[in-house]
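User: I would like to learn how to read a structure of this kind feature by feature, with the general idea set out before the particular case. Could we go through it together?

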Amino acid sequence: MRSLVTGGAGFIGSNLVDQLLKIGHEVTVVDNEFSDAHDQFYWNPKAYNVNCDIRDYRALTNAFGSGIDYVFHLAAEARIQPAIKNPIEAVSINSVGTCTVLQCAREAGVKRLIYSSTSSSYGMNPYPNVETQPDDCLNPYSVSKVNGEKLSTMYTDLFDLPTVILRYFNVYGERQPLRGQYAPVIGIFLRQLAAGEPLTIVGDGDQRRDFTHVSDVVNANIMAAISNPDPQACGQVYNVGTGTNYSVNEIAAMISDNTINIPPRIGESRITQANVDKIWKTFGWKSKVKLEDWIKGALS
Ligand SMILES: NC(=O)c1ccc[n+]([C@@H]2O[C@H](COP(=O)([O-])OP(=O)(O)OC[C@H]3O[C@@H](n4cnc5c(N)ncnc54)[C@H](O)[C@@H]3O)[C@@H](O)[C@H]2O)c1
(Lines give C-alpha, C1' and ligand atoms only; values in the text may rest on other atoms or scores of the structure.)
Protein backbone atom coordinates (compact mmCIF):
# COMPACT_ATOMS: atom_id res chain seq x y z
CA MET A 1 0.00 0.00 0.00
CA ARG A 2 1.24 3.47 -0.83
CA SER A 3 0.07 6.44 1.23
CA LEU A 4 0.70 10.16 0.93
CA VAL A 5 0.40 12.30 4.07
CA THR A 6 0.22 16.09 3.74
CA GLY A 7 1.30 17.91 6.90
CA GLY A 8 3.21 14.73 7.75
CA ALA A 9 6.04 16.53 9.56
CA GLY A 10 3.62 18.17 12.04
CA PHE A 11 1.95 16.96 15.23
CA ILE A 12 -0.81 14.58 14.12
CA GLY A 13 0.61 13.91 10.66
CA SER A 14 3.98 12.66 11.92
CA ASN A 15 2.28 10.27 14.37
CA LEU A 16 0.20 8.98 11.45
CA VAL A 17 3.29 8.56 9.23
CA ASP A 18 5.04 6.48 11.93
CA GLN A 19 2.00 4.19 12.28
CA LEU A 20 1.52 3.77 8.51
CA LEU A 21 5.17 2.77 8.15
CA LYS A 22 4.75 0.35 11.05
CA ILE A 23 1.86 -1.43 9.32
CA GLY A 24 3.89 -1.75 6.13
CA HIS A 25 2.76 1.17 3.94
CA GLU A 26 5.20 2.99 1.68
CA VAL A 27 4.74 6.62 2.74
CA THR A 28 5.29 9.93 0.98
CA VAL A 29 5.25 13.01 3.22
CA VAL A 30 4.48 16.51 1.94
CA ASP A 31 5.12 19.42 4.30
CA ASN A 32 6.68 22.88 4.02
CA GLU A 33 7.42 23.51 7.72
CA PHE A 34 4.92 26.38 7.69
CA SER A 35 3.73 26.03 11.28
CA ASP A 36 5.50 28.21 13.85
CA ALA A 37 3.97 26.26 16.75
CA HIS A 38 6.76 23.68 16.79
CA ASP A 39 10.37 23.87 17.96
CA GLN A 40 11.11 21.10 15.48
CA PHE A 41 9.45 19.13 12.70
CA TYR A 42 9.21 15.35 12.67
CA TRP A 43 10.34 14.01 9.29
CA ASN A 44 10.54 10.21 9.42
CA PRO A 45 13.69 9.14 7.51
CA LYS A 46 11.91 5.91 6.41
CA ALA A 47 9.38 7.96 4.38
CA TYR A 48 9.92 9.66 1.03
CA ASN A 49 9.96 13.27 2.20
CA VAL A 50 8.97 16.21 -0.03
CA ASN A 51 9.35 19.77 1.23
CA CYS A 52 6.77 21.68 -0.82
CA ASP A 53 3.67 23.83 -0.48
CA ILE A 54 0.38 21.95 -1.07
CA ARG A 55 -0.73 24.90 -3.22
CA ASP A 56 2.10 24.17 -5.68
CA TYR A 57 0.17 21.97 -8.15
CA ARG A 58 3.22 20.94 -10.16
CA ALA A 59 5.34 19.97 -7.15
CA LEU A 60 2.40 18.13 -5.61
CA THR A 61 1.72 16.21 -8.82
CA ASN A 62 5.37 15.11 -8.79
CA ALA A 63 5.03 14.00 -5.17
CA PHE A 64 2.15 11.70 -6.16
CA GLY A 65 4.69 10.04 -8.49
CA SER A 66 3.66 6.85 -10.22
CA GLY A 67 0.79 5.98 -7.91
CA ILE A 68 -0.73 6.45 -4.45
CA ASP A 69 -3.50 4.35 -2.85
CA TYR A 70 -4.48 6.52 0.13
CA VAL A 71 -4.14 10.24 0.79
CA PHE A 72 -4.31 11.63 4.33
CA HIS A 73 -4.68 15.41 4.04
CA LEU A 74 -3.60 17.15 7.24
CA ALA A 75 -1.56 20.14 6.02
CA ALA A 76 -3.22 23.34 7.19
CA GLU A 77 -3.02 26.55 9.12
CA ALA A 78 -4.17 24.46 12.07
CA ARG A 79 -4.98 27.04 14.76
CA ILE A 80 -7.80 29.50 15.29
CA GLN A 81 -6.04 32.60 16.63
CA PRO A 82 -3.27 32.77 13.96
CA ALA A 83 -6.02 32.38 11.33
CA ILE A 84 -7.90 35.32 12.87
CA LYS A 85 -4.65 37.35 12.63
CA ASN A 86 -4.02 36.35 9.00
CA PRO A 87 -7.26 35.18 7.37
CA ILE A 88 -5.96 35.44 3.78
CA GLU A 89 -3.14 32.98 4.41
CA ALA A 90 -5.41 30.60 6.37
CA VAL A 91 -8.09 30.57 3.67
CA SER A 92 -5.45 30.18 0.97
CA ILE A 93 -3.79 27.14 2.61
CA ASN A 94 -6.94 25.49 3.95
CA SER A 95 -9.26 26.06 1.00
CA VAL A 96 -7.09 26.53 -2.13
CA GLY A 97 -4.53 24.07 -0.72
CA THR A 98 -7.22 21.48 -0.09
CA CYS A 99 -8.62 21.91 -3.60
CA THR A 100 -5.12 21.36 -5.01
CA VAL A 101 -4.68 18.16 -2.97
CA LEU A 102 -8.13 16.91 -4.04
CA GLN A 103 -7.39 17.62 -7.70
CA CYS A 104 -4.03 15.79 -7.59
CA ALA A 105 -5.69 12.84 -5.79
CA ARG A 106 -8.40 12.76 -8.45
CA GLU A 107 -5.87 12.78 -11.28
CA ALA A 108 -3.86 10.03 -9.53
CA GLY A 109 -7.00 7.88 -9.17
CA VAL A 110 -6.45 7.17 -5.45
CA LYS A 111 -8.61 4.65 -3.58
CA ARG A 112 -9.58 7.07 -0.80
CA LEU A 113 -8.69 10.51 0.59
CA ILE A 114 -9.15 11.25 4.31
CA TYR A 115 -9.62 14.95 5.06
CA SER A 116 -8.78 16.31 8.53
CA SER A 117 -11.47 18.72 9.66
CA THR A 118 -12.41 20.24 12.97
CA SER A 119 -15.00 20.29 15.74
CA SER A 120 -14.79 24.10 15.61
CA SER A 121 -17.26 23.82 12.71
CA TYR A 122 -19.96 23.29 15.37
CA GLY A 123 -19.44 26.75 16.91
CA MET A 124 -22.19 27.47 19.43
CA ASN A 125 -24.40 24.47 18.54
CA PRO A 126 -25.75 22.69 21.64
CA TYR A 127 -23.77 19.63 22.75
CA PRO A 128 -23.27 16.74 22.25
CA ASN A 129 -22.31 17.64 18.69
CA VAL A 130 -23.90 15.46 16.02
CA GLU A 131 -22.90 15.49 12.35
CA THR A 132 -26.44 16.57 11.37
CA GLN A 133 -26.11 19.92 13.18
CA PRO A 134 -25.71 22.99 10.97
CA ASP A 135 -22.26 24.56 10.56
CA ASP A 136 -21.61 27.52 12.86
CA CYS A 137 -18.25 28.93 11.82
CA LEU A 138 -17.05 31.62 14.25
CA ASN A 139 -13.64 32.38 12.70
CA PRO A 140 -11.64 32.16 9.44
CA TYR A 141 -10.09 28.84 10.48
CA SER A 142 -13.49 27.14 10.79
CA VAL A 143 -14.79 28.72 7.56
CA SER A 144 -11.74 27.60 5.60
CA LYS A 145 -11.80 24.07 7.06
CA VAL A 146 -15.53 23.66 6.39
CA ASN A 147 -14.86 24.89 2.87
CA GLY A 148 -12.40 21.98 2.60
CA GLU A 149 -15.19 19.65 3.76
CA LYS A 150 -17.56 20.94 1.08
CA LEU A 151 -14.86 20.58 -1.57
CA SER A 152 -14.21 17.00 -0.43
CA THR A 153 -17.90 16.07 -0.65
CA MET A 154 -18.15 17.80 -4.02
CA TYR A 155 -15.13 15.82 -5.35
CA THR A 156 -16.92 12.63 -4.28
CA ASP A 157 -20.26 13.59 -5.82
CA LEU A 158 -19.01 15.20 -9.03
CA PHE A 159 -15.75 13.37 -9.75
CA ASP A 160 -16.20 10.01 -7.94
CA LEU A 161 -13.14 10.64 -5.75
CA PRO A 162 -13.83 8.64 -2.54
CA THR A 163 -13.30 11.06 0.38
CA VAL A 164 -13.96 10.73 4.11
CA ILE A 165 -14.16 13.82 6.32
CA LEU A 166 -13.04 13.49 9.95
CA ARG A 167 -13.85 16.22 12.47
CA TYR A 168 -11.27 16.03 15.26
CA PHE A 169 -12.10 17.28 18.74
CA ASN A 170 -9.09 18.91 20.51
CA VAL A 171 -6.15 16.61 19.94
CA TYR A 172 -3.36 16.18 22.50
CA GLY A 173 -0.41 13.84 23.04
CA GLU A 174 3.17 13.19 21.99
CA ARG A 175 4.63 15.96 19.73
CA GLN A 176 1.76 18.37 20.47
CA PRO A 177 2.69 21.99 19.71
CA LEU A 178 4.33 23.72 22.67
CA ARG A 179 5.53 27.02 21.30
CA GLY A 180 3.84 30.40 21.80
CA GLN A 181 0.67 31.57 23.50
CA TYR A 182 -1.67 29.86 21.02
CA ALA A 183 -0.39 26.31 21.47
CA PRO A 184 -3.17 23.92 22.55
CA VAL A 185 -4.00 24.12 26.25
CA ILE A 186 -2.52 20.81 27.49
CA GLY A 187 0.84 21.52 25.79
CA ILE A 188 0.96 25.04 27.22
CA PHE A 189 0.10 23.87 30.73
CA LEU A 190 2.82 21.18 30.71
CA ARG A 191 5.35 23.70 29.36
CA GLN A 192 4.39 26.22 32.05
CA LEU A 193 4.61 23.57 34.79
CA ALA A 194 8.10 22.54 33.61
CA ALA A 195 9.22 26.21 33.64
CA GLY A 196 7.79 26.79 37.15
CA GLU A 197 5.34 29.35 35.76
CA PRO A 198 1.63 29.73 36.61
CA LEU A 199 -0.80 28.00 34.22
CA THR A 200 -2.57 30.65 32.13
CA ILE A 201 -6.30 29.95 32.07
CA VAL A 202 -8.05 31.77 29.21
CA GLY A 203 -11.21 33.61 30.37
CA ASP A 204 -13.11 32.03 33.27
CA GLY A 205 -11.82 28.53 32.39
CA ASP A 206 -15.33 27.06 32.35
CA GLN A 207 -15.20 26.47 28.57
CA ARG A 208 -15.35 22.70 27.98
CA ARG A 209 -13.65 20.61 25.32
CA ASP A 210 -13.66 16.96 24.24
CA PHE A 211 -9.94 16.05 24.34
CA THR A 212 -8.83 13.25 22.01
CA HIS A 213 -5.48 11.47 22.13
CA VAL A 214 -3.37 11.59 18.98
CA SER A 215 -3.06 7.77 18.79
CA ASP A 216 -6.86 7.55 18.62
CA VAL A 217 -6.92 10.14 15.81
CA VAL A 218 -4.26 8.15 13.94
CA ASN A 219 -6.37 4.98 14.26
CA ALA A 220 -9.48 6.84 13.08
CA ASN A 221 -7.61 7.87 9.91
CA ILE A 222 -6.42 4.35 9.17
CA MET A 223 -9.82 2.78 9.87
CA ALA A 224 -11.58 5.40 7.74
CA ALA A 225 -9.23 4.45 4.90
CA ILE A 226 -9.38 0.68 5.06
CA SER A 227 -12.04 -0.76 7.42
CA ASN A 228 -15.14 -0.22 5.27
CA PRO A 229 -14.83 -0.19 1.47
CA ASP A 230 -18.53 0.70 0.96
CA PRO A 231 -18.65 3.78 -1.36
CA GLN A 232 -21.73 4.92 0.60
CA ALA A 233 -19.38 5.74 3.51
CA CYS A 234 -17.71 8.43 1.37
CA GLY A 235 -18.40 12.13 0.94
CA GLN A 236 -19.57 12.35 4.55
CA VAL A 237 -18.53 13.91 7.86
CA TYR A 238 -17.60 11.83 10.95
CA ASN A 239 -16.82 13.04 14.48
CA VAL A 240 -13.55 11.89 16.07
CA GLY A 241 -13.80 12.48 19.82
CA THR A 242 -14.24 10.64 23.10
CA GLY A 243 -17.82 11.64 23.99
CA THR A 244 -16.64 13.20 27.28
CA ASN A 245 -15.59 16.77 27.93
CA TYR A 246 -13.58 18.67 30.54
CA SER A 247 -13.40 22.33 31.47
CA VAL A 248 -10.07 24.13 31.22
CA ASN A 249 -10.26 24.61 35.01
CA GLU A 250 -10.59 20.84 35.47
CA ILE A 251 -7.52 20.25 33.26
CA ALA A 252 -5.52 22.85 35.19
CA ALA A 253 -6.50 21.19 38.49
CA MET A 254 -5.01 17.89 37.24
CA ILE A 255 -1.67 19.65 36.57
CA SER A 256 -1.03 22.43 39.11
CA ASP A 257 -2.79 24.76 41.57
CA ASN A 258 -0.55 27.65 40.50
CA THR A 259 -2.85 29.39 37.98
CA ILE A 260 -3.72 32.85 36.68
CA ASN A 261 -6.57 33.97 34.40
CA ILE A 262 -5.89 35.84 31.14
CA PRO A 263 -8.42 37.63 28.90
CA PRO A 264 -10.92 35.53 26.91
CA ARG A 265 -10.41 35.11 23.15
CA ILE A 266 -12.73 35.97 20.34
CA GLY A 267 -14.07 33.47 17.83
CA GLU A 268 -13.98 30.33 20.00
CA SER A 269 -16.86 28.04 20.95
CA ARG A 270 -17.90 27.55 24.56
CA ILE A 271 -18.53 23.82 24.79
CA THR A 272 -17.70 20.90 22.50
CA GLN A 273 -18.45 17.21 23.01
CA ALA A 274 -18.58 14.60 20.28
CA ASN A 275 -21.37 12.19 19.57
CA VAL A 276 -19.39 9.30 18.07
CA ASP A 277 -22.18 6.91 17.07
CA LYS A 278 -21.70 7.46 13.34
CA ILE A 279 -17.98 6.65 13.12
CA TRP A 280 -18.50 3.62 15.38
CA LYS A 281 -21.29 2.27 13.16
CA THR A 282 -19.53 2.99 9.86
CA PHE A 283 -15.87 2.28 10.58
CA GLY A 284 -15.91 0.48 13.95
CA TRP A 285 -13.79 3.20 15.56
CA LYS A 286 -13.91 4.48 19.10
CA SER A 287 -11.35 6.19 21.32
CA LYS A 288 -9.20 4.22 23.77
CA VAL A 289 -7.01 6.68 25.67
CA LYS A 290 -8.40 8.45 28.77
CA LEU A 291 -7.23 12.01 29.37
CA GLU A 292 -6.71 11.59 33.15
CA ASP A 293 -4.50 8.54 32.57
CA TRP A 294 -2.40 10.32 29.96
CA ILE A 295 -1.90 13.42 32.14
CA LYS A 296 -0.95 11.21 35.12
CA GLY A 297 1.64 9.48 32.90
CA ALA A 298 2.99 12.81 31.59
CA LEU A 299 3.43 14.09 35.16
CA SER A 300 5.11 10.97 36.54
N1 LIG B 1 -4.61 19.60 16.78
C2 LIG B 1 -5.92 19.65 16.90
O3 LIG B 1 -6.45 19.72 18.02
C4 LIG B 1 -6.80 19.61 15.68
C5 LIG B 1 -8.19 19.66 15.87
C6 LIG B 1 -9.01 19.63 14.74
C7 LIG B 1 -8.48 19.54 13.48
N8 LIG B 1 -7.12 19.52 13.32
C9 LIG B 1 -6.60 19.43 11.96
O10 LIG B 1 -5.61 18.41 11.92
C11 LIG B 1 -4.61 18.74 10.96
C12 LIG B 1 -3.23 18.62 11.58
O13 LIG B 1 -3.12 19.54 12.65
P14 LIG B 1 -1.91 19.52 13.69
O15 LIG B 1 -2.47 19.82 15.01
O16 LIG B 1 -1.06 18.31 13.49
O17 LIG B 1 -1.13 20.84 13.22
P18 LIG B 1 0.41 21.05 12.81
O19 LIG B 1 0.58 22.51 12.58
O20 LIG B 1 1.32 20.37 13.76
O21 LIG B 1 0.49 20.28 11.43
C22 LIG B 1 0.13 20.86 10.19
C23 LIG B 1 1.31 20.67 9.25
O24 LIG B 1 0.93 21.21 7.97
C25 LIG B 1 2.07 21.86 7.44
N26 LIG B 1 1.63 22.86 6.48
C27 LIG B 1 0.94 24.01 6.72
N28 LIG B 1 0.73 24.69 5.58
C29 LIG B 1 1.28 23.94 4.58
C30 LIG B 1 1.38 24.11 3.18
N31 LIG B 1 0.88 25.21 2.57
N32 LIG B 1 2.01 23.16 2.46
C33 LIG B 1 2.54 22.06 3.07
N34 LIG B 1 2.46 21.85 4.41
C35 LIG B 1 1.86 22.78 5.15
C36 LIG B 1 2.76 22.48 8.65
O37 LIG B 1 4.12 22.78 8.42
C38 LIG B 1 2.55 21.40 9.71
O39 LIG B 1 3.66 20.51 9.76
C40 LIG B 1 -4.96 20.13 10.44
O41 LIG B 1 -5.65 19.99 9.22
C42 LIG B 1 -5.89 20.68 11.51
O43 LIG B 1 -6.78 21.64 10.97
C44 LIG B 1 -6.27 19.56 14.39
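User: Which helix gives the most residues to the shell around the ligand?

Analyst: Before the answer, a word on the basis: this is a predicted model, in which local features need pLDDT of at least 70 and side-chain atom pairs count only at pLDDT 80 or more, while totals for chains, interfaces and linings use all residues. Residues are numbered from 1 along each chain as its sequence is written. A residue is taken as near a molecule if its C-beta atom, placed from the backbone, lies within 6 Å of it, and helices (H or I, at least four residues) and strands (E, at least two) are DSSP runs numbered from the N terminus. In this structure helix 1 gives the most to the shell around the ligand, with three residues.

User: Which residues of that shell are closest to the ligand, and which elements give two or more residues to it?

Analyst: The ligand is surrounded by 31 residues, of which the closest are G7, G10, F11, A76 and A78. Two or more residues come from each of helix 1 (11-22), strand 2 (26-31), helix 4 (87-108) and strand 5 (112-118).

User: How many residues of each class does the shell have?

Analyst: The classes are assigned by residue type: Ala, Val, Leu, Ile, Met, Phe, Trp, Tyr, Cys and Pro count as nonpolar, Asp, Glu, Lys and Arg as charged, and the others, Gly among them, as polar. On that basis the shell around the ligand has 17 nonpolar, nine polar and five charged residues.

User: What does the radius of gyration say about the protein chain?

Analyst: The radius of gyration is taken over C-alpha atoms, and it is set against a globule rule of 2.2 Å times the number of residues to the power 0.38. The protein chain has ten helices and 13 strands. Its radius of gyration is 18 Å, close to the 19 Å that the rule gives for 300 residues, so the chain is as compact as a globular protein of that length. Along the principal axes, the C-alpha trace spans about 55 × 40 × 35 Å.

User: How is the protein chain divided into domains, and how many residues are in contact between them?

Analyst: Domain bounds come from an automatic or database domain assignment, and two residues are in contact if their C-beta atoms, placed from the backbone, lie within 7 Å. Here the assignment gives domain 1 (2-169 + 214-240) and domain 2 (172-210 + 242-274 + 288-299), whose C-alpha centres lie 24 Å apart. In the interface, 28 residues of domain 1 are in contact with 25 residues of domain 2. On the domain 1 side, helix 1, helix 3 (80-85) and helix 7 (214-226) are the elements that give two or more residues, and helix 3 supplies the largest share, four residues. By class, that side has 13 nonpolar, eleven polar and four charged residues.

User: Where does the largest nonpolar core lie, and which of its residues touch the most other members?

Analyst: A residue is buried if 20 or more other C-beta atoms lie within 10 Å of its own, exposed if 12 or fewer, and partly exposed in between, with C-beta atoms placed from the backbone. A nonpolar core is a set of buried Ala, Val, Leu, Ile, Met, Phe, Trp, Tyr and Cys residues joined through C-beta atoms within 7 Å. Of the 77 residues in the largest such core, V71, A105 and L166 touch the most other members. Both domain 1 and domain 2 give residues to this core, so it lies between them. Leaving out residues up to four places away in sequence, V71 touches L4, V101, A105, V110 and L113. L166, in strand 6 (residues 163-168), counts as buried because it has 23 C-beta neighbours inside 10 Å. With neighbours within four places again set aside, the contacts of L166 include I114, Y115, A220, A224 and V240.

User: Where is there a cis peptide bond, and which residues other than glycine have a positive phi?

Analyst: A cis peptide bond, with omega about 0°, joins Y127 and P128, and P128 sits in the loop between strand 5 and helix 5 (140-159). E33 has a positive phi, near 55°, and is found in the loop between strand 2 and strand 3 (48-51); E33 counts as exposed because it has 12 C-beta neighbours inside 10 Å. R175 also has a positive phi, near 75°, and belongs to the loop between strand 7 (171-172) and helix 6 (185-194). With 18 other C-beta atoms within 10 Å, R175 is partly exposed.
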